[in-house]
Structures are given as structure tokens and as C-alpha cells.
Amino acid sequence: MRPDKKFVKTYKLPDLFTDSKEFSLFCSSLNDLLLIFKDEFVQRKIVYYFKTGTKERQQKISLCVTKESIMHLFGINYYASDERRSEKEYQQPSFAKEFFRDFESNKLNFSKCWVESLSKVEDKMSVLIYIEDVKTEKVRVGEHGLLRKIPMTNTLSTPKTFLGLGLHHDNPEFSVPRTCLNLQEDKEAKDNKSFKSVYKCSKIVEYERLSNGEWKRIRLEDFSKQLQAEKAAKKKKKK
């Protein structure tokens, strides 16, 4: 379960801009990223196979980016007409699913997006532009941990582009992303053992959910030969 949301002062997203052109460019960038999520992640399941050691058994984790998980990855606290001014109001639903549904129907209202700061949103967007890297050999898998009281059952990260995702096993079948982190700027996250001790994937399998609810495999990437070659090269170098 998610920990109780703590009350923080929030601001209406458009009010944080003084230049209309800058706001227009920002909205365009955010929409472009949402489109990537819609086309590449929604209704998909990505299964990562990895080993924590040479002699260890192969493990796997499954990722699903649900519609209600996407809004929070951008640092948007809630989607509503009015500001929440008390602890009680802040505990209300965030309407994250409505946020994404409005995007899908071209009705996204940025005036309903409430955030702690513009810098926090821009910080997350600066790494979310690399979100598709988590479907490639660039991704690394980390084990469970705790970051700022947020429990993570696993993590995904892309070391060269500094994207970090904290996952939580909310569903018996898969994990969902709970938080997005800029590992270049967030030293506490970067030094957290869940992002520091990470593993390469030997295989990534992607599935698409059909209208009948079943999963159909649409892609398989096998990196086992590449990992074996890297291991052999390291051994040769040591001699």
C-alpha cells in the first residue's frame, strides 16, 4: 500500500509561467512524452530477466505502466479544479487516471495540474525523455529498498541517461512505477543501494494486452551472448 500522502503547498501549473511561449513549448513537450507512454507502454507488460551473480538462479520482474501511474512520474501531485488547502483535502484521490484519459481524448486541462514546483516537474521530464531506454539493453535492474520512506520492491535505471524508476509490486502479476528520479541531480537516490547495486538483463520480453485480457508476446531481446562475450573479454583482460 502507498504511504499516506503528506500535505504540501501546491501551485497551478500555468501560474508558474510568465511567458506564454515558454508555457506553450512546455505543454508540447509534456504532450510528446505522454504520447510515448500511450504508444509504447500502456497496455504493455515488459518482463526483465537477470542474475544477481554468476552462480545465482535467473530471476525476473514484470513492469506495467498503468494509466494511473503516469501522472505522478511527472511530479504532478493531483488533477483537480481547486487547490487542496488542508491535510484532509490532500488525502482525496489524485484523479491520475482522469488526467491520462483526458490526454487520450485531447481534453487535458493544464489548469487542473497542481504541482509543488516547476523545477521538480522539469527535472523529471529531463530524464523521462529517455523512458524508452528501459526497453533496451541500456536498462539495469535493482533490488528492493527504501528511499525517503518510499518502499521499492525493485528499481529500473539507465546509468548513462540518469533515469531512475522506483517500482512497487502492487499487482500479483506485475510491478508499477511509483516514482521517477533524476539520478544525476538526486544524490540521495543515486547513492541508494537499490540504484547503486544493479544488474544487466539477459533477456527482455514484451507483451501486449489483447481485448480479451490475455497477453500476446510482441518482442523478445536476448542479450545472453553479449553478456557472455563481455565476461570472456574481462577474463582475458585479467590474464
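Predicted model: local features only at pLDDT ≥ 70, side-chain atom pairs only at ≥ 80, totals over all residues.
**Entry 1: the whole chain**

I began by counting elements, and the chain has 8 helices and 13 strands. Helices (H or I, at least four residues) and strands (E, at least two) are DSSP runs, numbered from the N terminus. The radius of gyration is 19 Å, close to the 18 Å that the globule rule gives for 239 residues, so the chain is as compact as a globular protein of that length.

Residues are numbered from 1 along each chain as its sequence is written, and side-chain values use heavy atoms, with hydrogens and water left out.

Next I looked up the overall extent: the C-alpha atoms fill a box of roughly 65 × 45 × 35 Å, taken along the principal axes. Of the 239 residues, 43% count as buried. Buried means under 20% relative accessible area, exposed over 50%, and partly exposed in between (1.4 Å probe, protein chains only). I also checked contacts (heavy atoms within 4.5 Å). Among those between residues at least 6 apart in sequence, 63% join residues at least 24 apart.

I went looking for F74 and found it in the loop between α2 and β4 (76-79). Is F74 buried or exposed? F74 is buried, with a relative accessible area of 0%. Leaving out residues up to four places away in sequence, I see F74 touching L30, L33, L34, F37, V121, K124, M125 and L128.

Then I turned to helix α5 (residues 118-128), whose buried residues are L118, V121, K124, M125, V127 and L128. What covers them? The cover includes α1 (20-40), α2 (67-73), β5 (113-115), β10 (163-168) and β11 (176-182).

I looked up the second largest pocket, and its volume is about 630 Å³. Of the 17 residues that line this pocket, the closest to its centre are K51, G53, T54, L227 and K231. A pocket here is an open set of points on a 1 Å grid over the protein atoms alone, where a 1.4 Å probe fits, with protein on both sides within 12 Å along at least five of seven lines; lining residues have an atom within 4 Å of a point.

Which element gives the most to the lining of the second largest pocket? That is α8, with 6 residues. Both β12 (198-209) and α8 (224-238) supply at least two residues each.

**Entry 2: two loop residues**

I noted that most residues other than glycine have a negative phi. Q43 has a positive phi of about 65° although it is not a glycine. I found Q43 in the loop between α1 and β2 (44-50), partly exposed at 41% relative accessible area.

R148 has a positive phi of about 50° and is not a glycine either. R148 is in the loop between β7 (145-147) and β8 (150-152), and at 42% relative accessibility R148 counts as partly exposed.

**Entry 3: D222**

My last stop was D222, in strand β13 (residues 215-222). D222 is partly exposed, at 48% relative accessibility. Apart from residues up to four places away in sequence, D222 touches S202 and K203.

Terms used. Points joined across faces, edges and corners; volume = space filled by probe spheres on them. Rg over C-alpha atoms; globule rule 2.2 N^0.38 Å.
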